[in-house]
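Take a look at the model below.

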Amino acid sequence: VRGGQAPEIVPLPQILLTAGDPEQQLSLSSFVNDPDTPKQELSWQVQAEPGIAARIEGDRLFVAIPAGQSGSRILTLTVTDPQGNLTLARLEVLIQQDGRAPQFAVEVLRHPVFSDLVVLRIEPDEELVGVPTVLVDGDSLRVEAQEDGSYRASFEHPPQQGERFVEVDIRGRDRANNEGVRHLEVGLAWMDEMGGNLRSPDPQLILNVGDAAARPGQMAIVYRLGEMEKPEGSQGQDVFSVDLLRGRMLASPVTVNFLPGSGADPLLGILRWDKAGNSWEELPTSVDPLTGWLAATVDELGLFRLG
């Protein structure tokens with residue numbers, strides 16, 4: 001013999017979920033009343049239509065829509081009190097298609113052991129289906145997935161190649177089959193004997209390494225960051241990564257040169273990103289009155305912009 005009153009489920013709202021997104025959760029205790037039973041003593045069950053995944057933990061509903069689904073799905077919820085009184089309610093889930101392509105943040109690094117290897121660290125902003133494809137100057141690279149969700153690929157730049165500009169193309173698909181594409185141009189040059197100059201592929205920036213700053217094993221790497229990689233406070237300016245000695249302090253200073261372009265603010269100077277202070281720092285900047293080039297002499301490289 002059952003006693004007491006059955007729980008009452010208040011009208012449930014429609015919920016909107018994107019197909020292919022990670023599992024979402026909803027607290028069900030806000031939608032039930034029972035005059036003679038505490039909410040924590042109620043038990044829940046869920047039945048799902050095909051095309052939607054749902055489960056219950058305590059009073060929380062977890063729902064996910066597999067990629068490729070569309071329209072709407074119905075979940076049937078059952079709440080039962082300790083006396084066996086139960087109530088059913090229907091929850092409608094509207095499905096939104098994921099039309100946004102994944103984006104890729106890319107970092108270009110020297111290999112920590114093999115000096116002629118250049119490493120691409122690729123970090124997508126959402127989960128991919130399989131590893132992305134990576135081409136360097138049209139040649140396909142072997143791509144390895146990392147435990148943190150990023151990917152790595154590497155290519156050779158042996159000393160006999162001297163200065164080189166490579167084109168990197170990255171493609172990958174998310175769980176909704178949207179394809180993301182990233183194109184990156186990287187300037188590379190060995191600076192281990194006589195020094196020299198390396199311009200960015202634009203060419204808005206030039207790194208000048210004098211003979212005194214040349215050291216064995218030094219390779220200059222210059223490229224422009226994408227929007228995902230820019231530090232905060234970049235103010236819409238192009239940001240360039242400049243490296244020579246795997247991020248270490250240089251034994252002798254080098255010069256970073258910027259061409260601000262016609263119509264630029266005459267008060268512009270060169271700024272470098274201060275990792276420790278998490279801010280942009282102004283560098284002493286000189287101006288060539290004939291060419292308009294800006295120059296800053298530094299003994300530490302990193303990220304640079306105008307400002």
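Ser-241 has a bridge partner in strand 27, and that partner is Leu-303. Keep in mind that this is a predicted model.

**Strand 21 and its partners**

Ser-241 belongs to strand 21, which covers residues 240-243. Strand 27 covers residues 302-306. The two strands pair in the antiparallel sense, over three bridges.

Strand 21 also pairs with strand 20, residues 219-224. These two run antiparallel as well, and four bridges join them. One of the bridge pairs is Arg-224 with Phe-240.

Are the faces of strand 21 covered or open? Both are covered. Phe-240 and Val-242 are buried on one side. Ser-241 and Asp-243 are buried on the other. In a regular strand, side chains alternate between the two faces of the sheet.

**The two pockets**

Ser-241 and Leu-303 turn up again in the largest pocket. Both are among the lining residues nearest its centre, together with Glu-107, Lys-275 and Gly-302.

Strand 17 (179-190) and strand 20 are the elements that give two or more residues here.

| Pocket | Volume | Lining by class | Largest share of lining |
|---|---|---|---|
| Largest pocket | about 720 Å³ | twelve nonpolar, three polar, twelve charged residues | strand 10, six residues |
| Second largest pocket | about 170 Å³ | four nonpolar, two polar, four charged residues | strand 17, four residues |

How many residues line the largest pocket? The count is 27.

**A residue in strand 8**

Now move to Thr-78. This residue sits in strand 8, which covers residues 72-80. Why does Thr-78 count as buried? Its relative accessible area is 13%, and buried means under 20%. Which residues does Thr-78 touch, leaving aside its neighbours within four places in sequence? Thr-78 is in contact with Ser-43, Trp-44 and Gln-45, and also with Leu-86, Thr-87 and Leu-88.

**In brief**

Strand 21 pairs with strand 20 and with strand 27.

Note on methods:
Residues are numbered from 1 along each chain as its sequence is written. This is a predicted model: local features need pLDDT of at least 70, side-chain atom pairs count only at pLDDT 80 or more; totals for chains, interfaces and linings use all residues. Side-chain values use heavy atoms; hydrogens and water are left out. Buried means under 20% relative accessible area, exposed over 50%, partly exposed in between (1.4 Å probe, protein chains only). Two strands pair if DSSP finds at least two bridges between them. On a 1 Å grid over the protein atoms alone, a cavity is a set of points where a 1.4 Å probe fits but cannot get out, and a pocket is an open set with protein on both sides within 12 Å along at least five of seven lines; lining residues have an atom within 4 Å of a point. Grid points are joined across faces, edges and corners, and a volume is the space filled by probe spheres set on the points. Ala, Val, Leu, Ile, Met, Phe, Trp, Tyr, Cys and Pro count as nonpolar, Asp, Glu, Lys and Arg as charged, and the others, Gly among them, as polar. Contact means heavy atoms within 4.5 Å.
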